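Subject: A structure for you to look at

Hello,

I am passing a structure on to you, along with some notes on what turned up in it. Have a look at it first, and then read on below.

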Amino acid sequence: MISIESPLKSIAEKVFSGKRISFDEGVALFEKGELGFLGTLANFVREKKNGNKTFYNRNFHIEPTNVCVFTCNFCSYSRLYKHREDGWEMTEEQMMAIVKKYDDKPVTEVHIVGGVHPKMDLYFFGGLLKKIKAHRPDLHIKAFTAVELDYMFRKAKLNEREGLIYLKENGLDSLPGGGAEIFDEETRNKISADKCDGNRWLLIHETAHSLGIHSNATMLYGHIEDYTHRIDHLERLRNLQDRTSGFNTFIPLKFRNKDNDMSNVSESSVVEDLRNYAISRIYLDNFNHVKAYWPMIGKGTAGLSQSFGVDDLDGTIDDTTKIYSMAGAEDQNPSLSTEELRVLISQSGRIPVERDTLYNVINDFVLPVS
Ligand code: V47
Ligand code: SF4
């Protein structure tokens, strides 16, 4: 018979009886929990919240620019001080042409994020959102990380509330989870010293929630942070979610080391990625969903992750994002048809369910899997 060490045993009892685990217990899971044990607990939570369903959506990305005033050491994407010749800057017409490409397609969401361009300001983006909504009112616009928003608002001399109201009036529906990285001040200063800090990120999301704008949360892990930093990050998110219930989903982002200033830092193993999904699922008891972003981790790990707490695989994406392929992600041309995504989910023994951004079910009929 396998005997479980006592702190882990009492954590397991807490999880199975629906009780919240503490900071120290979260750290203990990272330090001592082996994969099978963590998977059992995380799967229990996942199935309690979402049964056997795995969600996906139909979306596409617009990346307005990869020019960025900031200098995050982990970023393989930004072009300003280095390789400026590879930088791109899209005009409003070019971005509208992308939107129009999907005119006859049943996509439900456009995800807009990019670098922080010194000249693309709040009013430029407000105009873009307005045009997208006028063209296709049913499309949910999930746009701009808190880092992009912080820069736009400061430049426009508006506070976060005024800036968000302006964007909402022009069509903004929700915020993506990027820019959170790792909240711990010392670690954040080592990997992305010049952009907004964790408290500002949290304040922008809290303000968005108070205005009825839902958002996602991410954590960049597997670089120079330690386990206490990961739990500290989850703790701050859990506290905010207790106050607002405004987060839709949590997305762990695995650090990729190709072509950036942290290429000397090795990447986490697949086992560590699965442990991280599982502990995130166990710790964030007030988040309904945990998402694995398949273009980043690859289809194989995305399949496995569904047994470690993940209940969402994001969208069809259609090869419209470059952030991860430039950082060395598994999938260099990320695109999965809806049918391929459903097959990936079904082959993991789960039921594929199409959702919109806010997790309303769009279609949950079961396609035969060949
Ligand atoms: O904040 C940048 C990350 C994020 C690297 O809300 C990297 O649905 C790993 O947040 N290795 C932006 N990660 C993208 C993002 C996102 C993605 C998918 C879905 C959603 C959502 C949000 O990408 C950045 C940063 O944490 N990132 N470089 C890298 N080398
Ligand atoms: Fe800019 Fe974002 Fe890259 Fe940082 S991660 S340099 S903010 S594009």
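Around ligand 2 you will find Cys-68, Phe-70, Cys-72, Phe-74, Cys-75, Tyr-77, Ser-78, Gly-115 and Lys-195. Sorted by class, this shell is made up of 6 nonpolar, 2 polar and 1 charged residues. Please keep in mind that the model is a predicted one.

Which residues have the most contacts inside the largest nonpolar core? They are Ile-112 and Leu-237, and the core itself has 93 residues. Helix H11 supplies the largest share of this core, with 6 residues. Apart from it there is another core, of 7 residues, which includes Val-69, Phe-70, Val-116 and Cys-196. As general background, nonpolar side chains in soluble globular proteins tend to be buried together.

Setting aside neighbours within four places in sequence, Leu-237 touches Phe-183, Trp-201, Leu-202, Ala-217, Thr-218, Phe-247, Phe-250, Leu-284 and Phe-287.

Helix H3 is also worth a visit. It runs over residues 35-50, 16 residues in total, and spans 21 Å from its first C-alpha to its last, close to the expected 22 Å. At its N-terminal end sits a cap: a side-chain oxygen of Glu-34 lies 3.1 Å from the backbone nitrogen of Gly-36. Just after the helix, Gly-51 adopts a positive phi of about 60 degrees.

Which residues of H3 are buried? They are Phe-37, Leu-38, Gly-39, Leu-41, Ala-42, Asn-43, Val-45, Arg-46 and Asn-50. An α-helix has 3.6 residues a turn, so residues three or four places apart point the same way. The cover over the buried residues of H3 includes helices H1 (6-16), H2 (23-32) and H11 (270-283), together with strands S1 (53-57) and S8 (289-290).

Lastly, take a look at Lys-131, which belongs to helix H5 (residues 122-135). Is Lys-131 buried, partly exposed or exposed? Its relative accessibility is 42%, so it counts as partly exposed, since that class lies between 20% and 50%. Leaving out neighbours within four places in sequence, Lys-131 is in contact with Glu-92 and Met-96. The side chains of Lys-131 and Glu-92 are joined by a polar contact of 2.6 Å. As for Glu-93, it is 38 residues from Lys-131 along the chain, and their C-alpha atoms are separated by 9.9 Å.

Enjoy exploring!

Best wishes

Methods:
Residues numbered from 1 in each chain as written. Chains lettered and ligands numbered in written order. Predicted model: local features only at pLDDT ≥ 70, side-chain atom pairs only at ≥ 80, totals over all residues. Heavy atoms only, no water. Helix = DSSP H or I, 4+ residues; strand = E, 2+ residues; numbered from the N terminus. Expected span 1.5 Å × (residues − 1). Buried < 20%, exposed > 50% of the residue type's maximum accessible area, 1.4 Å probe, protein only. Contact = heavy atoms within 4.5 Å. Polar contact = N/O pair within 3.5 Å; in protein donor to acceptor, adjacent residues only side chain to side chain. Core = buried A, V, L, I, M, F, W, Y, C linked by side-chain atoms within 4.5 Å. Near = heavy atom within 4 Å. Nonpolar A, V, L, I, M, F, W, Y, C, P; charged D, E, K, R; others polar.
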